[in-house]
Amino acid sequence: MQSALRLIASVRRGEVRWVNYLLASALALGSDAGLFLLLLDAGLAPVPASATGYCAGILVHWLISSRLVFADGAAARGTGERHRQKLLFVGSAVVGLAVTTAIVGGGSALGLDPRLAKLVAIIVSFQTTYLLRRHIVFRAAAG
């Protein structure tokens, strides 16, 4: 009976973590899009504005993820392990970007409306980065 209760508690922690990750992602996306729009309005070209916004979104997501969502798996600040986690986190963002680009590109090539392809890409990329961050970047937090 105790092991069943532990399993249920673990699943619930996982659900809460997933919802918290969803909220962190929404804040990061808002930071990305908001900065992108501000930079466009200030006269910056679209590509550097987009890249700057995306990098800001990664930074916001790291801060929220490492301090709140996966705090129990974040390495101590100033350590080599923390540096490794930061690199893996950025790597997971690059994987998410690659997944998004591949789905939108593939969907468009097949004649799918790009907006629908982007919606699918957001869902798949979100889940992909969540799993990478939960099981690889902050692996101690997955328990």
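Visitor: Is phenylalanine 138 buried or exposed?
Guide: Bear in mind that this is a predicted model. Anything under 20% relative accessible area counts as buried. Phenylalanine 138 comes out at 0% relative accessibility, so the call is buried.

Visitor: And which class does phenylalanine 89 fall into, buried or exposed?
Guide: The same cut-off applies here, under 20% relative accessible area. With phenylalanine 89 at 1% relative accessibility, the label is buried.

Visitor: What kind of aromatic pair do phenylalanine 89 and phenylalanine 138 form?
Guide: Their ring centres are 6.3 Å apart, and a pair needs centres within 6.5 Å. The angle between the planes is 65 degrees, and over 60 has its own name. That makes the pair edge-to-face.

Visitor: How many residues apart in sequence are the parts that this pair ties together?
Guide: Phenylalanine 89 belongs to helix H3, which covers residues 80-109. Phenylalanine 138 is in the segment after helix H4 (114-137). The pair therefore ties together parts whose separation in sequence is 49 residues.

Visitor: Which residue has its charged end over the ring of phenylalanine 89?
Guide: Phenylalanine 89 already has a ring partner in phenylalanine 138. There is also a charged end 3.8 Å from the centre of the phenylalanine 89 ring.

Visitor: How many aromatic pairs does the structure hold?
Guide: The Phe89 and Phe138 pair is one of them. Ring pairs also link a cluster, with Trp18, Tyr21, Trp62, Phe70, Phe126 and Tyr130 among its members alongside Phe89 and Phe138. For the structure, the count of aromatic pairs is nine.

Visitor: Which element gives the largest share of the lining of the largest pocket?
Guide: This pocket has a volume of about 850 Å³ and a lining of 28 residues, with Leu29, Asp32, Tyr54, Thr100 and Ser125 nearest its centre. Helix H1 (2-41), helix H2 (46-69), H3 and H4 each give two or more residues to that lining. The largest share is nine residues, and it comes from H1.

Visitor: How many charged residues are in that lining?
Guide: Sorted by class, the lining of the largest pocket has 16 nonpolar residues and nine polar ones. The count for charged residues is three.

How values were computed
Residues are numbered from 1 along each chain as its sequence is written. This is a predicted model: local features need pLDDT of at least 70, side-chain atom pairs count only at pLDDT 80 or more; totals for chains, interfaces and linings use all residues. Side-chain values use heavy atoms; hydrogens and water are left out. Rings of Phe, Tyr and Trp (its six-membered ring) pair if their centres lie within 6.5 Å; planes under 30 degrees apart count as stacked, over 60 as edge-to-face and the rest as tilted. Helices (H or I, at least four residues) and strands (E, at least two) are DSSP runs, numbered from the N terminus. Buried means under 20% relative accessible area, exposed over 50%, partly exposed in between (1.4 Å probe, protein chains only). A charge sits over a ring if NZ of Lys or CZ of Arg is within 6 Å of the ring centre and within 35 degrees of the ring normal. On a 1 Å grid over the protein atoms alone, a cavity is a set of points where a 1.4 Å probe fits but cannot get out, and a pocket is an open set with protein on both sides within 12 Å along at least five of seven lines; lining residues have an atom within 4 Å of a point. Grid points are joined across faces, edges and corners, and a volume is the space filled by probe spheres set on the points. Ala, Val, Leu, Ile, Met, Phe, Trp, Tyr, Cys and Pro count as nonpolar, Asp, Glu, Lys and Arg as charged, and the others, Gly among them, as polar.
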